[in-house]
Amino acid sequence: MLAYSLKKLVQLFITTLGVVTLVFFTLRLIPGDAASAMAGDSLSGEALERLREQMGLTKPYLVQYLTYLKGLASLDFGETITTGLSVFGLMKSALPITLIIAISTIVFTVLVSIPLGTLAAFMAHKGHKGLDNAITGTAMVLDLMPGFWTGLVFLLFFSLKLRWFPASGDVNIADPASFLQRIALPVLVLSVTQIATMARITRTAVLEVLGEDYIRTARSLGWSELRVLFRHALKNAALPIVTVVGLSFGSLLNGTVIVEFIFNIPGIGSLLVNGINSRDYQMVQNLIIFYALIFVSINFITDLVYRKLDPRVKF
Amino acid sequence: MAGSLSLGRSAPVTLRRANEGPMRPTSPAPPPATQVRKPPVHRTGWRAILANRKTQIALMILVPILVLAALLPWLPLQAPLQTNLRAMMKPPSLTFPFGTDRMGRDVLSRTLEGVKVSLFVGFSVAFISLVFGVVLGTVSGFFGKWVDRAIMTVVDIFLAFPSLLLAIGLVSIVGTGLIPVIMAISLADIPRFVRLQRSLVLSLRTRAYIDAARTVKAPQWWLLTRHVVPNTIAPLLVAASIAAANAILVEASLSFLGLGIMPPEPSLGNLIRDGQTYLEQAWWISTLPGVVILAIAISLHFLSDGIREVLDPRSRK
């Protein structure tokens, strides 16, 4: 297990380095550099040249690259081009908000989708097609609803019509009550897609297990259906479910960008969109790298959990 | 009805089909539940794909939308860019089935105009990623060694980004507009196709018929073009129709965030973005185009399910 983890860790490191390199050099490929993009038409040739020097853009690419790597390693992400604030500082205040939203979504999703998927599998197994079809059909439609559209529909219905949740206002973690009210709807919107995916996967995984001999044995021992379903079937169906929880983190990160935009929440997704709109490459570059880093780390953890759970997988 | 165009390998089914023949024309008694199952005939080819129930559902949604979008100039609707100050923010009615926006533009005709863009994006992305995926994946899987390692390293780096975020990052470099958006989404999609094609090729490489062709000294290009690639088409088509649905959703998301196709060029995403400000006063501007996106996405998924069921009988339940 340790050797395997180390091997995976080295792979993780190489991928991360690849990501950083790719992002760095791609941004240098664009016509016009960061200085001219930032200045627009407002600076004369001479002033632009001074700005370039100031930003270190006149040095050779390799030197810039190494300086950048050194900065990353010491968590110095530089300053935003437009406002001059520290990128790290901005990320530090935005990240907890996004993380809380993402993690609440995962918890809520697991709580709803696993019982739902198991129920659908049980119904399918028993030959009660009706309820199974209803669950799987609904899941498919929910899964394909564009996140931003679901967001707007929920905003319209729950915030503007029913007035259950505030649609705007401060997002302050220090004030838990108002914070929760503010993030409840975004979490709900994100969960819709996630629940749909997860319920489908759970259904497939459990349905497959329900045909196994040990399930019949458990039944013949007189265990109740519920116990068989949750203690025996679900436990053995856990592997694919864990994998999907990990993999769906990517779509979850995609989704946070959208809901933060719709519900006006100052998380890292909003930083990204604002960064692009104000052509703040320093910001965008770091955020994209950061997202990739979260994503590969989650995949790494999923992989380890998977191996831990399945004794059949050899190291 | 046997002579249908065959995709990939076709199973020897003629015998079974002959056996099953007489049972078909009339079902004497009301069939019990077990008899509703499909006959054990497995046909491949376009005709079989069209006969599949899921494909038919897909086409029943997709074709009307396509026809309406294509006939847009001849429909009795106000032109997409035509403003009408006497009909601003009107709710859905007979003259304006989807209502009008703040400048009195017809939301339905704008939606149909957006559908054209969406479908163009969807199919271009599916096609581009398919072509690049097939070429790179085949090379990677068939030749192995350092070529494989080099291609897969790059693929892994690309797959380290969540898909929409990669597209967002790429758009921030290549800029907004129709062609950049197609480029960005394709670039984000190609690695997935390379992976898929590579794994398909790897599993084919050791098949007996490839060995057989090798023993008679078939040249490499012959092996690849006659034996390897044709046998990967089926799963690739399934993946491509899902990729098209995905691309439509990603394009809409990008345009919604203001990073994709910019107004006045209409796209379903920027239509919805337009209506966001007036959500409370005019709900129809944002919600109705979304229903159309959803319908298209659902139909493309049904299409991919249909193709898979026909081409891979094991996936039927």
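At what angle do the axes of helix α5 (residues 87-126) and helix α6 (residues 129-144) of chain A cross? Let's look at the views one by one to find out.

This is a predicted model, in which local features need pLDDT of at least 70, side-chain atom pairs count only at pLDDT 80 or more, and totals for chains, interfaces and linings use all residues. Residues are numbered from 1 along each chain as its sequence is written, while chains are lettered from A and ligands numbered from 1 in the order in which they are written.

**View 1. Chain A as a whole is built from 13 helices and zero strands.** Helices (H or I, at least four residues) and strands (E, at least two) are DSSP runs, numbered from the N terminus. The C-alpha trace of chain A spans about 85 × 55 × 35 Å along its principal axes.

**View 2. Here α5(A) meets α6(A).** The two axes come within 8 Å and cross at roughly 140°. Axes are lines fitted to C-alpha atoms, for helices over the stretch in contact, and angles run from 0 to 180 degrees between N-to-C directions. That angle makes α5(A) oblique to α6(A); angles under 35 degrees count as roughly parallel, over 145 as roughly antiparallel, 65 to 115 as roughly perpendicular and the rest as oblique. Look for Leu116(A), Ala120(A), Met123(A) and Ala124(A) in α5(A), which meet Leu131(A), Asp132(A), Ile135(A) and Thr136(A) in α6(A). Residues are in contact if their C-beta atoms, placed from the backbone, lie within 7 Å.

**View 3. Here α5(A) meets α12(A), residues 268-277.** These axes come within 7 Å and cross at roughly 130°, which makes α5(A) oblique to α12(A). From α5(A), Leu90(A), Met91(A), Ala94(A), Leu95(A) and Thr98(A) meet Ile268(A), Gly269(A) and Leu271(A) of α12(A).

**View 4. Helix α8(A), residues 176-210, spans only 43 Å between its end C-alpha atoms.** A straight helix of 35 residues would span 51 Å at 1.5 Å a residue; the expected span is 1.5 Å times one less than the number of residues. Find Ile183(A), where α8(A) has a kink of about 35°, shortly before the proline Pro186(A). The bend at a residue is the angle between axes fitted to the seven residues ending there and the seven starting there.

**View 5. Chain B touches chain A.** Across this interface, 33 residues of chain B are in contact with 35 residues of chain A. On the chain B side, α12(B) gives the largest share, nine residues.

Methods. Two residues are in contact if their C-beta atoms, placed from the backbone, lie within 7 Å.
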